[in-house]
Structures are given as structure tokens and as C-alpha cells.
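Please look over the sequence and the structure before reading on.

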Amino acid sequence: MPFTYFIADIHLSAERDDITECLLTFLKQDAPQAEALYVLGDLFEFWLGDDDVTPLSERVASAFKALSATTPVYFIHGNRDFAIREGWTTKAGMTLLPEQQVIDLYGTPTLLLHGDELCTLDIEYQKFRKKARGWWWPRLVGALPLWLRRKLAKRGRKTSQKNQQNLTAEIMDVTPDEVVYVMVRHNVQQLIHGHTHRPNIHSLTVNGKPAHRIVVGDWYTQGSVLRVSAVDVRLEKRQFTLSR
């Protein structure tokens, strides 16, 4: 039975070899069996620019490139790696998709996105998102020296972690009305996203019809994979083989 894989929120970093090895094993052993693989953002913990070439970014690009020889790989930006450009995705054999993309998933029109735009109650973040995804801010930041971008990113992560401690679970999750609005706008009854780190399959009503919102999990404590075929939807786990 043909199937498609979806992953999100892997958050690769040089400090987490356990996550990296789990992903590379998945790409080598599992992903080639799928018709396609969709990466729905936050592949990396942070991305300073395609010019920030590291052993990790090169290793991961090579693994995706090898997979792409037999299995199409698609990528949608997340809130941590929205600075990835076609220079790196081409190197990785990926097709870069827009922030919101509708695909025909075994006869069901399905909207794919990272998911951060659905968290509209987090007003301060949405202000930053609008600026960061605009045309001028990425160009301005990208023109800064790499050492300065690294310094600013480190400071930004600390600020973000501190701010999140003061946010309620409701604010950090998706806004139900926004979910319905986006699904109606794209005329779909099925939505797949990541970002919230709360893997689940939610039932709701859109346009007076049954609909589903499928959330892909994160990779902080284990690999999290969504497997979709014409007959079923499975949220699967992959165990880490390395200890932290």
C-alpha cells in the first residue's frame, strides 16, 4: 500500500547527536519506502543563513540528497529555520514549498503548513513573524557578519525561552477559529501541521462537514513520524539509539 511520510520539529543541533542519528537512520532505512517525504519546518534548531556551513548541515544535506534520488522530498519553513534558502534545499535535493501548500493526499485535498501562523493568541510572536517573513528584515539580517548573527541568535533564543515561561498553554497552542478560517480559505477538510509539539488527530467541523487536523510531533525525546496512506493515518515513534 503506497504511503507518504511527514515530519516536523526535528530541531537538529550540534549538541544533540541522538536526534541527528535517529533522523539519519530514518532517512536511510524508512523514508525510501515512501512515495514522498514532507518536512514541515524546524528541521534545525536555528538557521543563520545558507552561508553558515557546518559539518551538521553538510551531513544532513547529503542524507536528504541521497534520499531524493528515489523519494521526492519537500520542505516548508518553520519558525526556527525560515532563513533557509534554495541554495541549501537544492544541495539537499529538496523542493521548497510556500508557507501554505495544498496537496492531493490519496484523493483528499490536504493543507500543509508549519503551524506557527495558527497561534494567533501569541500576539508578540505574530508581530515578529510578520517582520521576519517580510522582504526587508531577512535581507538586513543576512547582510550582517556571520559572527554577529550567531551572537544575536544566541541572545534571541534565551529571550524566547524566558518569554515562553510566561505564556499559557492556550496561547502557545493553535487558535481554533484560525484553524477553521484557514481551512475554509483553502477549501480543505484536512490539515497537517507541526510547531505545537502536541501530536494528535483532532476532529472538527469545517463548512458543515467533518474535518481533521493532524499534528506531527517533535523529536526532542524520540523521533515522531506521520504515515498516511489511502486507508489509514498513523502517528509513529522512532526510538533514539544514542544517549545524550
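Asn79, Phe82, Asp116, Tyr125, Phe128, Arg129, Ala132 and Arg133 line the largest cavity. The model is a predicted one. By residue class, this lining consists of four nonpolar, one polar and three charged residues. The volume of the largest cavity is about 30 Å³, and the structure holds one cavity of 30 Å³ or more. As for how such a space is found, rolling a probe the size of a water molecule over the atoms shows where empty space is left.

**The annotated residues**

The UniProt record, an unreviewed entry, carries the annotation "binding site" for Asp42, Asn79, His114 and His195. These residues span 154 residues in sequence, yet no two of their C-alpha atoms are more than 8.2 Å apart, so they gather at one spot. From this set, Asn79 is part of the lining of the largest cavity.

| Residue | Loop lies between | Relative accessible area |
|---|---|---|
| Asn79 | strand E3 (73-75) and helix H3 (86-91) | 16% |
| His195 | strand E7 (190-193) and strand E8 (200-206) | 17% |

Is Asn79 buried or exposed? Asn79 has a relative accessible area of 16%, and buried means under 20%, so Asn79 counts as buried.

**Contacts**

Which residues does Asn79 touch, if those up to four places away in sequence are not counted? They are Asp42, His114, Asp116, Tyr125, Arg133 and His195.

His195, with neighbours within four places in sequence left aside, is in contact with Asp9, Asn79, His114, Gly115, Asp116 and Cys119. Two polar contacts involve the side chain of His114: one of 2.9 Å with the side chain of Asn79, and one of 3.2 Å with the side chain of His195.

Thr175, with its neighbours within four places again set aside, is in contact with Leu118, Cys119, Thr120 and Leu121. Cys119 is also in contact with His195.

Technical notes. Residues numbered from 1 in each chain as written. Predicted model: local features only at pLDDT ≥ 70, side-chain atom pairs only at ≥ 80, totals over all residues. Heavy atoms only, no water. UniProt positions renumbered as here; feature names shortened; annotations may be inferred. 1 Å grid on protein atoms, 1.4 Å probe; cavity = no way out; pocket = protein on both sides within 12 Å on 5 of 7 lines; lining within 4 Å. Helix = DSSP H or I, 4+ residues; strand = E, 2+ residues; numbered from the N terminus. Buried < 20%, exposed > 50% of the residue type's maximum accessible area, 1.4 Å probe, protein only. Contact = heavy atoms within 4.5 Å. Polar contact = N/O pair within 3.5 Å; in protein donor to acceptor, adjacent residues only side chain to side chain. Points joined across faces, edges and corners; volume = space filled by probe spheres on them. Nonpolar A, V, L, I, M, F, W, Y, C, P; charged D, E, K, R; others polar.
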